[in-house]
Amino acid sequence: MAPVKVFGPAASTNVARVLVCLEEVGAEYELVDIDFPGKGHKRPEHLARNPFGQVPAFQDGDLILFESRAIAKYVLRKYKSEQVDLLRESNLEEAAMVDIWTEVEIHQYHPALSPIVLECFIYPTLRGLPTNQRIVDESLVKAKKVLEIYEAHLSKHKYLAGDFVSFADLNHFACTFYLMDATPYASLFNSYPHVKAWWEDLMSRPSMKKLGVHLCNPTRT
Amino acid sequence: MQTEHIEDRSQGERASSSKEGREVKMAAIKLYGMMLSPNVTRVVTVLNELGLDFDSVDVDLRTGAHKHPDFLKLNPFGQIPALQDGDEVVFESRAINRYIATKYGSSGPNLLPTPSAKMEAWLEVESPHFFPLAQTVVYELLIKPLFGATPDTAEADKKAAELDKLLDVYEAHLAAGNKYLAGDVFTLADGNHMSWLFLLTKSPKAELVASRPHVKAWWEEISARPAWAKTVASIPLPPAV
């Protein structure tokens with residue numbers, strides 16, 4: 001079986017979302033460089049894979065996919081096994097919990113944390129822009145409110161969807177990793193011991209240790 | 001000011017069950033929210049498509065009901081909608097929709113045909129791409145004026161310009177032999193768009209849809225569905241809109 005292909009830079013949070021799922025299921029894959037810094041994602045070859053001109057895109061034989069969560073779910077369904085079932089689709093209640101906390105990452109967690117990552121890391125290193133501390137401070141206020149809710153939830157459950165690790169947890173990887181590794185605000189989690197323990201547990205997983213290396217590659221594209 | 005509807009639940013149930021003295025089966029499904037919220041009507045759209053009975057429990061944002069401890073037990077983020085199905089509680093409208101489409105998929109049209117990579121991709125496109133842009137445009141240019149607040153027209157125009165580019169991709173996709181977003185059949189991918197798309201067509205930026213023949217035709221097709229008529233009838237829009 002030919003390895004599946006992922007198009008885009010490993011340091012992109014949405015590409016990383018797909019890669020962590022591929023690592024978790026132990027699938028063979030090839031990461032294809034599309035010259036992201038040279039705007040390769042806007043060229044016709046890539047637009048044929050992703051009409052929105054974004055990364056990632058994905059190929060499995062003749063099937064082409066885009067949207068990182070759609071790709072990730074395809075991977076998790078295709079390589080589902082007795083040992084690795086990160087979507088829990090055969091159990092309606094468990095699947096609903098996975099869906100809830102996947103949505104929460106999109107609409108609550110990511111919007112609160114990502115401006116901190118953008119201002120403290122992405123903009124200064126990639127665009128040479130100064131950090132807008134006002135945006136950071138406003139985001140910290142929002143992040144604390146969200147983390148309080150996560151703290152209450154994770155004090156009752158080992159992982160976000162229950163006592164099993166799932167796609168919901170994996171979706172938090174890249175954004176959190178950047179916050180911890182590339183901004184001065186890693187200590188934010190110290191006030192939320194259950195969230196911190198949950199994060200440290202996730203980071204002990206081989207998939208995340210392996211991909212963390214890509215995310216902090218100083219020559220990231 | 002109305003009383004806290006979330007505390008009036010028991011009264012509502014008793015009133016419903018005493019109709020002409022006969023046993024009325026209480027709906028297993030309770031939807032918490034207010035019908036003015038397109039995030040709530042995102043769920044109503046799918047409930048009606050599936051022909052499901054449900055009770056609406058009013059959680060009026062204007063009274064702060066969404067921050068009431070009873071409601072926070074249902075959604076710790078204090079947002080509407082939340083849905084209760086027997087003992088199961090689900091929040092986040094798209095998670096709710098996937099749950100009900102999966103559980104009650106045999107009651108009505110199959111909104112989640114699997115495997116459908118196209119459906120999954122376009123379902124995902126709605127959440128981070130279409131929704132934030134449509135929400136800003138609608139909120140600033142339609143909702144704020146309705147409540148006498150001053151719109152941020154600069155922000156609305158900025159997001160409308162981005163939405164313009166985004167809808168070019170939709171237009172090309174629908175022109176390429178796709179009657180609906182996932183191809184030949186109506187799915188959850190279309191359904192999840194409808195509540196905000198509807199208000200976009202009522203806003204000063206309606207031409208974003210009207211100017212694109214395939215997007216326009218798609219909207220006209222999906223908004224002609226009988227279940228949608230029922231959903232629209234439950235949205236208390238002022239006559240001015």
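Predicted model: local features only at pLDDT ≥ 70, side-chain atom pairs only at ≥ 80, totals over all residues.
**Exercise 1. Finding the parts of chain A**

Task: Work out which domains chain A is divided into, and find the UniProt domain feature on the chain.

Solution: 
- Step 1. Start with the division of the chain: domain 1 of chain A covers 4-79, and domain 2 covers 92-212.
- Step 2. Turn to the record. UniProt, in an unreviewed entry, places the feature "domain: GST N-terminal" at residues 2-83 of chain A.
- Step 3. Look at that span in the model. Residues 2-83 of chain A are 34% helix and 20% strand, and their end C-alpha atoms lie 23 Å apart.

**Exercise 2. Where the two domains of chain A meet**

Solution: 
- Step 1. Taken over C-alpha atoms, the centres of the two domains of chain A are 22 Å apart. Domain 1 brings 14 residues to the contact, and domain 2 brings 16.
- Step 2. Now look for charged pairs. Four salt bridges are counted between the domains of chain A.
- Step 3. Finally, ask which elements take part. On the domain 1 side, helix 1 (13-25) and helix 3 (68-78) of chain A each give two or more residues. Helix 1 gives the most, with eight residues. By class, the domain 1 side has eight nonpolar, one polar and five charged residues.

**Exercise 3. Where chain A meets chain B**

Task: Which element of chain A gives the largest share of the side that touches chain B, and how much area is buried between the chains?

Solution: 
- Step 1. Count the residues: 25 of chain A are in contact with 27 of chain B.
- Step 2. Read the area. Chain A and chain B bury about 2400 Å² between them, and carbon and sulfur atoms give 69% of that. A:Phe52, A:Leu92 and A:Ile100 supply 23% of the area chain A buries here, more than any other three residues.
- Step 3. Check the salt bridges, of which there are three between the chains. In one, A:Arg77 meets B:Glu120 at 3.0 Å, N to O.
- Step 4. Settle the element: helix 4 of chain A gives the largest share, eleven residues. The chain A side has 15 nonpolar, three polar and seven charged residues.

Technical notes:
Residues numbered from 1 in each chain as written. Chains lettered and ligands numbered in written order. Heavy atoms only, no water. UniProt positions renumbered as here; feature names shortened; annotations may be inferred. Helix = DSSP H or I, 4+ residues; strand = E, 2+ residues; numbered from the N terminus. Domains from an automatic or database assignment. Contact = heavy atoms within 4.5 Å. Salt bridge = Lys/Arg side-chain N within 4 Å of Asp/Glu carboxyl O. Nonpolar A, V, L, I, M, F, W, Y, C, P; charged D, E, K, R; others polar. Buried area = accessible area lost by both parts, 1.4 Å probe.
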